[in-house]
Amino acid sequence: MLSTRGRRQATLYLGLLIVTILLLAFSASAPVTEVRSAVGFAMAPIQNVLRQGGQTISSLFATLGEIDRLRQENQQLTTHLDELATQNRSLESLQSQNKQLTDLLQVRSSLAYESTAAEVISRRITDQEHVISLDRGANFGIEVNDPVIGGGGALVGQVVEVGPNYSRVLLITDTRMNVVGLLESSRGVGTVHGRLERPLEMDGISAANSVGLGEAVVTAGIELSEDIRSPYPKGLLIGTVADVQRSPDQLFQTALLTPAANFETLEYVLVITNYQGGLPPISPQPSNTP
């Protein structure tokens, strides 16, 4: 909007314009030319004001257009960044899965037993039980009591329920699990107990054994009693010693273990399907027929 001064200048400009047109129409003599020059000189400031006003309005519209263009580009860039972030998360997930599968393939190639790979389809890790479910069962040769291992040959647990296309595994951290463990360096033997969220506990270790922090504990694979084999093959990694509780006046000591398997991120496992642990198979009775 023009100010009062601007409106006055515009009115003057209009009047001078009319006079100029009339003078041009009726004469081209020297006096008229001088008058026309004087009028032009007087009108110059007004023309500059109007010209600058037009430029200001044009610049305003140009700036608004530039802001809108930048806003659209910013939205496009934000969308593109979100897509890249999603793709990156997918790639990280694939890399993690690929690493687990690669580790399992390495373990399988070193096993002396047959095994089948399975995917973890659910997990129930609460303050009452530690159980996972797998996507394979009896149709793939899995049976109750089959040992289950993860990457690095880490002991995961034992199959406790089997259906045609699923199986449930009791993790070694569950309180119902007991495994005979062997200290790799000191060769001491003890029983490993699951304690849910707390570290595994390995008790019954002879006080004569020097147990070191960070020492690995593996499945002993020894008989639990006469004619009863260990339900787990020898040499599966259970965990590492995190603490040792000793008492000078006791014959045994207790070690606390950090499990080797990460049950929170576990996605794939191997189920050993032909290990004959536990009670030996019942021999057929001799036939009484001649």
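Modeller: Start with the order of elements. From the N terminus, the protein runs α-α-β-β-β-β-β-β-β-β-β-β-β-β. Keep in mind that this is a predicted model.

Biologist: How many helices and strands does the protein have?

Modeller: Two helices and twelve strands.

Biologist: What share of the residues is buried?

Modeller: Buried means under 20% relative accessible area. Of the 290 residues in the protein, 31% count as buried. Look at the surface too. The protein exposes about 18100 Å², and carbon and sulfur atoms supply 56% of that area.

Biologist: What share of the contacts comes from residues 24 or more positions apart?

Modeller: Take the contacts with a separation of 6 or more. Residues 24 or more positions apart account for 60% of them.

Biologist: Which residues have the most contacts inside the largest nonpolar core?

Modeller: V156, I238 and L257, in a core of 43 residues. Strand 12 gives this core its largest share, five residues.

Biologist: What does V156 touch?

Modeller: Leave out residues up to four places away in sequence. V156 then touches several residues, including I132, V148, L170, A261, F263 and V269.

Biologist: Now aromatic rings. How do I read a pair?

Modeller: A pair of aromatic rings is described by the distance of the centres and the angle of the planes. This structure holds one aromatic pair. The ring centres of Y113 and Y275 are 5.4 Å apart and the planes stand at 90°, so the pair is edge-to-face.

Biologist: Where do Y113 and Y275 lie in the chain?

Modeller: In distant parts, 162 residues apart. Y113 is in the loop between helix 2 (30–110) and strand 1 (115–125). Y275 is in the segment after strand 12 (268–272).

Biologist: Why does Y275 count as buried?

Modeller: Its relative accessibility is 8%, and the cut-off for buried is under 20%. Y113 has 29% relative accessibility, so Y113 counts as partly exposed.

Biologist: Which ring has the charged end of R136 over it?

Modeller: The ring of F140. The charged end of R136 is 4.1 Å from the centre of that ring.

Biologist: Where is S167?

Modeller: In strand 5, residues 167–171. S167 has 0% relative accessibility, so S167 counts as buried.

Biologist: Which residues does S167 touch?

Modeller: Again, skip residues up to four places away in sequence. Among those that S167 touches are I132, S133, L134, R136, I142 and V159.

Biologist: Last topic, backbone angles. Which residue has phi near 80°?

Modeller: N145. That phi is positive, and N145 is a residue other than glycine. Look for N145 in the loop between strand 2 (130–134) and strand 3 (147–149). N145 counts as partly exposed because its relative accessibility is 46%.

Biologist: What is the phi of L196?

Modeller: About 60°. That is a positive value, although L196 is not a glycine. L196 sits in the loop between strand 7 (189–193) and strand 8 (200–206).

Biologist: Is L196 buried or exposed?

Modeller: Buried. The relative accessible area of L196 is 15%, and under 20% is the cut-off.

Notes: Residues numbered from 1 in each chain as written. Predicted model: local features only at pLDDT ≥ 70, side-chain atom pairs only at ≥ 80, totals over all residues. Heavy atoms only, no water. Helix = DSSP H or I, 4+ residues; strand = E, 2+ residues; numbered from the N terminus. Buried < 20%, exposed > 50% of the residue type's maximum accessible area, 1.4 Å probe, protein only. Contact = heavy atoms within 4.5 Å. Areas by Shrake-Rupley, 256 points an atom, 1.4 Å probe, with all protein chains shown as cover. Phe/Tyr/Trp six-rings, centres within 6.5 Å; stacked < 30°, edge-to-face > 60°. Lys NZ or Arg CZ within 6 Å of the ring centre and 35° of its normal. Core = buried A, V, L, I, M, F, W, Y, C linked by side-chain atoms within 4.5 Å.
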